[in-house]
Every structure is written in structure tokens, then in C-alpha cells.
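This briefing covers helix packing, backbone geometry, salt bridges and selected residues. Please keep the sequence and the model in view while reading.

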Amino acid sequence: MSRILVTGATGRLGQLLVEQLVARNRPVRILTRRPETARKLFGTTVQIAVGEFADRYSLDAAIRGVGRLLLLSPISERLAADQIAVANAADTAGVRRIVKISGSDWTIDPPGVSISGDAHAAVEQHLRRLSIESVSLRPNAWMQVSLANTIRQVLVGNPISAANPDAGVGYIDARDIADVAVHQLLAETVSGTPLILTGPGIVTPRQIAVLLSTILKRPVALVERPPSALTPDGDFEHRAVAEFGRLIAAGRAALTTDVVASLLGRPPRSVGSFISEQLAIEAALAG
Ligand SMILES: NC(=O)c1ccc[n+]([C@@H]2O[C@H](COP(=O)([O-])OP(=O)(O)OC[C@H]3O[C@@H](n4cnc5c(N)ncnc54)[C@H](OP(=O)(O)O)[C@@H]3O)[C@@H](O)[C@H]2O)c1
């Protein structure tokens, strides 16, 4: 069974992915700048390659003997350069498949609306030019990021604030993204065209407020606020996040696909069950 290298393994999605691969007895190596943190997270279940994207020597060492690669890096000015460097190292080393965690489809298509989406698009384009089999996963907004934050805010008594209370989002649970990524790493073949991943339905901030009011048995306020300012001199991540906010407020994230269900043979996790789980977790932490 060929070894799988996971980049971004210590991050939010990477951890979920690695746990799944390990549970399936797949040989996993991870690339990290923080070996102690990685050891605490994964014990001795994975090989740890200490290195970083900008250091080709460490990339070559990490990728030696690897058959498949899960390519993930954080949103940053260096996203395209870093991911292309990893892909090139993989090409040289004879890696047979790359599964890339890309940006949400609405940040990539049409081009020019998101600096983060454009960076992911450049990587996708580069992958298509290599002779390695590859597939890019374009997940919609993750429940574990903005939705989890909304729930925490409501629990401390704050209102839900949204630039457009009626702009829906087809949120996806990060565990479903991990399930699809693992599926694509282990599948016999991959399609080669980007896979647009979403949850099962579209929810608006107004609906989330109603849902939370019902579960918490108290009114949850909803306030409309102007979209975050697009500050041209802010750092890359802040500018990217401000762009996401504007695109979401314009309704661009309001989409669903059946890709998760058709690949995994079960429906994706819903916002309702995510909210119930999060409330139970927060209650356990508080009490
Ligand atoms: N959140 C969303 O709604 C959403 C939607 C669509 C797509 N995405 C995509 O998901 C990705 C972010 O995933 P995430 O939130 O799971 O990431 P994350 O939690 O921010 O984790 C970042 C990971 O990257 C590694 N890393 C950072 N700089 C590195 C470097 N120079 N060399 C080697 N490793 C480095 C870190 O490893 P160490 O610190 O251990 O070295 C860490 O494991 C982005 O590409 C984003 O566009 C997110």
C-alpha cells in the first residue's frame, strides 16, 4: 500500500483527514513545521517529516517514496507559490495522484472576484499541466468556521450579525470534506474535473436565528451590518475574508450539489445536526 503525504495535516481539516486515513490503516506521512504539536496530535500513528513549503530540500525529503498526496495550505499571499512548489516536488518524485483542497467554487469562478480563489485557480491550472493524475475539491463554506463562530456568539448573548440576513449559504461540514478527500485519495480513479462540495441545503442567517431561538427556547436577535470594508492595504487573509463576506452577501454561496451523496452513498451532514452537536459540546464545556 503506497504511502500518503498530507500537507496542512495539523490544521482544521488536515487533522480530520489524517485521523480517517490512520483509522483505515493507511501509511501516512505528514509535513509540518511543528513536530511536537504533530506528535501530540497523532502520537506514533504517522511519520512526521519536518519541513516547510518554501524549503525544497525538506519537500523532496518529505515526498520521497510517496504514492499519493493530499495538498492543503492556508490562505496566504504564498498559497499559489507554495502549492505549486509541492506539486513540482511531487512530479519529480513520481507521485501518482494529487488531491487538492481548493477554494469554494464561487471564489474561483468567475475569475477576478477573490484573491484567494484566483490563487487556488492558478494551482488547479498548474496541476492540469502536470502528468500526475489530480483532482481539486472545491468545498463551500465550512460549518466549523463561520457557523461555529455564530453559535458561540449567540451563546454569550450576542445577536447574529449579517450583511444580508437573507443571503443563503450551502454550508458543508468539514468532516464531509475529509470523507470525500479520503475517498478520492483511495479510489481506483478520479474524475479530473473539480468537485464542488456542499451540504444538503441552503440556510440564511435569518433561518439560523429562528433555528437557534427554537432550540435555545429564547429569542435570538439578528442585526444587519454593512459588509466589512475592503482594505487594499490589509494583509492577504483579511482582504480574502472581506471578499468572501461580500460574495456571500451577494448570494454567491447559495448553492448545493449532490457530489457528497453520490461519492459517499449517504447524504452530507446538515446544519441542524451540526448546531445540535455544537450546542451539546459548548454545554459540556460550560458545565
Ligand atoms: N474555511 C472555509 O470555509 C474554506 C472553504 C473552502 C476552502 N478552504 C481552504 O482550506 C484551506 C485551509 O484549511 P484549514 O483551515 O484546515 O487550514 P489551517 O487550519 O489554517 O492549517 C494550516 C496548515 O498548513 C500548514 N502550514 C502553514 N504554513 C506552512 C508552511 N510554510 N509549510 C508547511 N506547512 C504549513 C500548517 O502546518 P504546521 O503549522 O504544523 O507547519 C497547518 O497544518 C485553505 O486553502 C482554504 O482556501 C477553506
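A residue counts as buried under 20% relative accessible area, as exposed over 50%, and as partly exposed in between, using a 1.4 Å probe and protein chains only. By that rule Arg 128 is exposed, because its relative accessibility is 52%.

The model is predicted: local features need pLDDT of at least 70, side-chain atom pairs count only at pLDDT 80 or more, and totals for chains, interfaces and linings use all residues. Residues are numbered from 1 along each chain as its sequence is written, and side-chain values use heavy atoms, with hydrogens and water left out. Helices (H or I, at least four residues) and strands (E, at least two) are DSSP runs numbered from the N terminus.

**Helix packing**

- Two packed helices are described by the angle between their axes and the distance between the axes. Axes are lines fitted to C-alpha atoms, for helices over the stretch in contact, and angles run from 0 to 180 degrees between N-to-C directions.
- Angles under 35 degrees count as roughly parallel, over 145 as roughly antiparallel, 65 to 115 as roughly perpendicular, and the rest as oblique.
- A crossing is right-handed if the near helix is turned clockwise from the far one by less than a right angle, and left-handed if anticlockwise.
- Helix α4 (residues 79-93) and helix α6 (residues 115-129) have axes that come within 8 Å and cross at roughly 20°. The two helices, α4 and α6, are therefore roughly parallel to each other, and their crossing is right-handed.
- On the α4 side, the residues in contact (heavy atoms within 4.5 Å) are Leu 79, Ala 80, Gln 83, Ile 84, Ala 87 and Asn 88. Their counterparts in α6 are Ala 119, His 120, Ala 122, Val 123, His 126 and Leu 127.
- Sorted by class, the contact of α4 with α6 has eight nonpolar, four polar and no charged residues. Here Ala, Val, Leu, Ile, Met, Phe, Trp, Tyr, Cys and Pro count as nonpolar, Asp, Glu, Lys and Arg as charged, and the others, Gly among them, as polar.
- Helix α9 (205-216) packs against helix α12 (residues 271-286) at an angle of about 45°, with the axes 11 Å apart. That angle makes α9 oblique to α12, and α9 passes α12 in a right-handed crossing.
- From α9, Ile 208, Leu 211, Leu 212, Ile 215 and Leu 216 make the contact, and from α12, Val 271, Gly 272, Ile 275, Ser 276 and Leu 279. The contact of α9 with α12 has eight nonpolar, two polar and no charged residues.

**Backbone geometry**

- A cis peptide bond runs from Asp 109 to Pro 110, with omega near 5°. Pro 110 lies in the loop between α5 (105-108) and α6.
- Asn 25 is not a glycine, yet has a positive phi of about 60°. This residue, Asn 25, sits in the loop between α1 (12-23) and β2 (28-32) and is exposed at a relative accessible area of 64%.
- Lys 217, also not a glycine, has a positive phi near 55°. Lys 217 is in the loop between α9 and β9 (222-224), and is exposed at 75% relative accessibility.

**Salt bridges**

- The whole structure contains 14 salt bridges, each a side-chain nitrogen of Lys or Arg within 4 Å of a carboxyl oxygen of Asp or Glu.
- Glu 77 pairs with Arg 239, the closest N and O atoms being 3.8 Å apart. This pair links distant parts of the chain, 162 residues apart: Glu 77 in the loop between β4 (66-71) and α4, and Arg 239 in helix α10 (residues 236-249).
- Arg 128 and Glu 124 form a salt bridge of 3.9 Å, N to O. Being four residues apart in helix α6, Arg 128 and Glu 124 are separated by about one helical turn. Glu 124 is buried, with a relative accessible area of 2%.
- Asp 173 and Arg 175 meet in a salt bridge of 2.7 Å, N to O. Asp 173 is buried at 0% relative accessible area, whereas Arg 175 is partly exposed at 24%.

- Asp 60 is in helix α3 (residues 56-63) and is partly exposed at 27% relative accessibility. The C-alpha atoms of Asp 60 and Ala 89, 29 residues apart along the chain, are separated by 6.0 Å.
- Asp 82 is in helix α4 and is buried at 9% relative accessibility. Leaving out residues up to four places away in sequence, Asp 82 touches Phe 53 and Ala 54.
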